[in-house]
Amino acid sequence: MKNMNRIISVRNPKSPIAEAYRGIRTSIEFSNLDKELKVINVTSSTQNEGKSTVIANLAVSFANLDKKVLIMEGDLRNPSVHRMFNISNVEGLTDILLGNKNFTECVHCTDVRNLHVLTCGPIPPNPSEMLSSKKIKDFVESLRDYYDYVFIDAPPIGIVTDAGIISTYTDGCIFVVGAGEADIEMAKISKERLEKVGANILGVVLNKFEASGANGYYNYYYEQDTRSRRRGRRKR
Ligand SMILES: Nc1ncnc2c1ncn2[C@@H]1O[C@H](COP(=O)(O)OP(=O)(O)O)[C@@H](O)[C@H]1O
Ligand SMILES: [Mg+2]
């Protein structure tokens with residue numbers, strides 16, 4: 001049994017935070033009307049702004065609509081998707097790209113129906129080269145036949161160019177901004193880098209936003225999350 005309690009959309013699907021993710025899901029669905037929006041990558045300026053958290057919750061949210069969803073690790077330098085889902089990273093994407101394994105040998109099912117995960121596999125010495133190879137482009141193309149949505153967790157674009165490379169073969173990109181953590185200049189540079197490669201920026205998710213003051217609506221969001229996290233911790 002995989003412990004997916006770190007993902008609030010699994011742990012507490014009725015929480016306002018899970019509801020907020022459903023809101024993002026709806027926005028994506030509406031953006032999907034004219035142009036196919038199937039392969040989506042997530043990035044941010046730096047680490048720890050919440051990319052993996054956002055991608056995991058969005059993927060759960062779509063899987064709950066009976067869509068077939070894959071989360072694919074796109075950070076071949078510092079992979080983390082396997083940790084989020086508590087699964088092994090012994091085999092994964094890099095094995096497929098090197099021709100050592102096939103997709104079915106590497107893909108993981110999860111406790112969420114319709115949600116599959118492909119981890120990184122052995123960390124390669126040449127991540128940018130791998131990410132810009134024809135092999136990975138063909139592989140991502142082939143996933144379109146099996147999945148309704150493929151979410152690729154990309155490295156921070158303010159630090160390495162990998163997310164820009166990935167954006168050239170995805171249909172859209174979500175930019176995560178960690179409130180209070182992101183540097184505005186870095187965020188601008190990141191946006192320019194994405195625009196330069198022609199990324200279709202679908203929108204920005206402002207994460208870790210904690211509103212202070214009397215307007216309790218967003219505080220409520222935050223408190224709910226904190227409370228349920230504490231509950232989650234006690235259980236373990
Ligand atoms: N909205 C949030 N509120 C509180 N903590 C969060 C929130 N989003 C993410 N975190 C925490 O911040 C850390 C970094 O998040 P993560 O999704 O791993 O970032 P990234 O993938 O961008 O490096 C994790 O410990 C995660 O649990
Ligand atoms: Mg991450």
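In what order do the 7 strands of the open sheet run? Going across, the order is β3-β4-β2-β5-β1-β6-β7, and the pairing is mixed.

Quick housekeeping before we go on. This is a predicted model, where local features need pLDDT of at least 70 and side-chain atom pairs count only at pLDDT 80 or more, while totals for chains, interfaces and linings use all residues. Residues are numbered from 1 along each chain as its sequence is written, chains are lettered from A and ligands numbered from 1 in the order in which they are written, and side-chain values use heavy atoms, with hydrogens and water left out.

So, the overall picture. The protein has 11 helices and 7 strands; those are DSSP runs numbered from the N terminus, H or I of at least four residues for helices and E of at least two for strands. Buried residues, meaning under 20% relative accessible area with a 1.4 Å probe on protein chains only, make up 51% of the 236 residues. If you take contacts (heavy atoms within 4.5 Å) with a separation of 6 or more, 79% of them come from residues 24 or more positions apart.

Pairing here needs at least two bridges found by DSSP between the strands. β3 joins β4, residues 115–118, through 2 bridges, and the two run antiparallel. Within that pair, Cys-109 has His-116 as its bridge partner.

Now look at β1. Its pairing with β5 is parallel, over 4 bridges, with Asn-41 partnered by Ile-152. With β6 the pairing is parallel too, over 5 bridges, and there Ile-40 stands opposite Gly-172. How many of the residues of β1 are buried? It's 6 of the 6, so β1 is largely enclosed by the rest of the structure. Val-39, Asn-41 and Thr-43 point one way, and Ile-40, Val-42 and Ser-44 point the other way.

On to the helices against the sheet. Helix α8, residues 134–143, lies across β1, β2, β4 and β5 and runs at about 165° to β2. That angle is between N-to-C directions on a 0 to 180 degrees scale, with axes fitted to C-alpha atoms, for helices over the stretch in contact. The buried residues of α8 are Ile-136, Phe-139, Val-140 and Leu-143. Down the helix axis they fall within an arc of 95°, so they line one face of α8; the arc is taken from the directions from the axis to the C-beta atoms.

Next, ligand 1. There are 11 residues around the ligand, the closest being Asn-48, Lys-51, Ser-52, Thr-53 and Asn-207; to count, a residue needs a heavy atom within 4 Å. A polar side-chain atom of Thr-53 sits 2.5 Å from a ligand oxygen. Backbone N or O atoms come in as well: one from Ser-52 at 2.9 Å from an oxygen of the ligand, and one from Glu-49 at 3.3 Å.

Last, a couple of loop residues. Most residues other than glycine have a negative phi. Asp-66, in the loop between α3 and β2, has a positive phi of about 70°. Asn-114 is in the loop between β3 and β4, with a positive phi near 75°. Is Asn-114 buried or exposed? Buried, with a relative accessible area of 19%.

Conventions:
Buried means under 20% relative accessible area, exposed over 50%, partly exposed in between (1.4 Å probe, protein chains only). A polar contact is a pair of N or O atoms within 3.5 Å; within protein, one must be able to donate a hydrogen and the other to accept it, and residues adjacent in sequence count only if both atoms are side-chain atoms.
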